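Look over the chain shown here before reading on.

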Amino acid sequence: MKIPKVTKRHCKHCRKHTEHKVAEAKKKGRSTSNPLSRFGSRRLLDRGANRGAGNQGKFSKPPIKNWRSTGKKLSKKTDLRYTCNACKKTSAQHSGVRAKKIEMV
Ligand SMILES: [Zn+2]
């Protein structure tokens with residue numbers, strides 16, 4: 001996916017359209033950016049839901065032995081940061097788009 005280095009966007013601080021510099025944010029791991037995606041609840045996570053062996057009494061499915069093979073997504077959502085050239089304030093992208101590879105043009 002090709003993304004332009006500079007785009008014209010609305011800056012909420014300047015209250016008008018200005019030139020913005022586009023940069024990709026540093027990717028965080030899944031455990032820090034989305035901690036509930038693995039266990040589903042904060043309470044279980046605090047109690048330590050990943051303790052012990054097996055699948056915590058869920059007999060409907062066999063225990064997952066290899067996390068790599070469980071529906072792993074091959075692409076990542078873009079996390080772009082737009083820096084206003086007039087006031088130098090940075091704003092984040094509202095919702096990312098799935099892409100395997102990002103190329104700044
Ligand atoms: Zn601005």
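Asp79 and Arg81 form a salt bridge, and their closest N and O atoms are 3.0 Å apart. The term salt bridge means a side-chain nitrogen of Lys or Arg within 4 Å of a carboxyl oxygen of Asp or Glu. Side chains of opposite charge can pair when their charged atoms come close. A search of the whole structure finds one salt bridge. This is a predicted model, in which local features need pLDDT of at least 70 and side-chain atom pairs count only at pLDDT 80 or more, while totals for chains, interfaces and linings use all residues. Residues are numbered from 1 along each chain as its sequence is written, and side-chain values use heavy atoms, with hydrogens and water left out.

How exposed are the two partners? Asp79 has 23% relative accessibility, so it counts as partly exposed. Arg81 is partly exposed too, because its relative accessible area is 31%. Here buried means under 20% relative accessible area, exposed means over 50%, and partly exposed lies in between (1.4 Å probe, protein chains only).

Arg81 also leads us into the strands. Arg81, in β5, is the bridge partner of Ala23. Strand β5 (residues 80-84) runs antiparallel to β3, and five bridges join them. Strand β3 (residues 16-24) also runs antiparallel to strand β2 (residues 6-11), with six bridges between the two. Two strands pair if DSSP finds at least two bridges between them. Strands (E, at least two residues) and helices (H or I, at least four) are DSSP runs, numbered from the N terminus.

Now follow β2 to its end. Four residues separate β2 from β3 in a hairpin, and Arg15 in the turn has a positive phi of about 60°. Cys11 stands opposite Lys16 in β3.

Cys84 has 0% relative accessibility, so it counts as buried. Cys87 is partly exposed, because its relative accessible area is 29%.

Next, go to the start of the chain. Ile3 lies in strand β1 (residues 2-3). Ile3 has 7% relative accessibility, so it is buried. What does Ile3 touch, leaving aside its neighbours within four places in sequence? Ile3 is in contact with Val22, Leu80, Ile102, Glu103, Met104 and Val105. Contact means heavy atoms within 4.5 Å. Ile3 and Leu80 are 77 residues apart in sequence, and 9.8 Å apart in space from C-alpha to C-alpha.

Ser75 sits in the loop between α3 (42-47) and β4 (76-77). Ser75 counts as buried because its relative accessibility is 17%. Not counting residues up to four places away in sequence, Ser75 touches Arg98, Ala99 and Lys100.

Finally, step back to the whole chain. There are three helices and eight strands. Along the sequence, their pattern is β-β-β-α-α-α-β-β-β-β-β. Buried residues make up 16% of the 105 residues.
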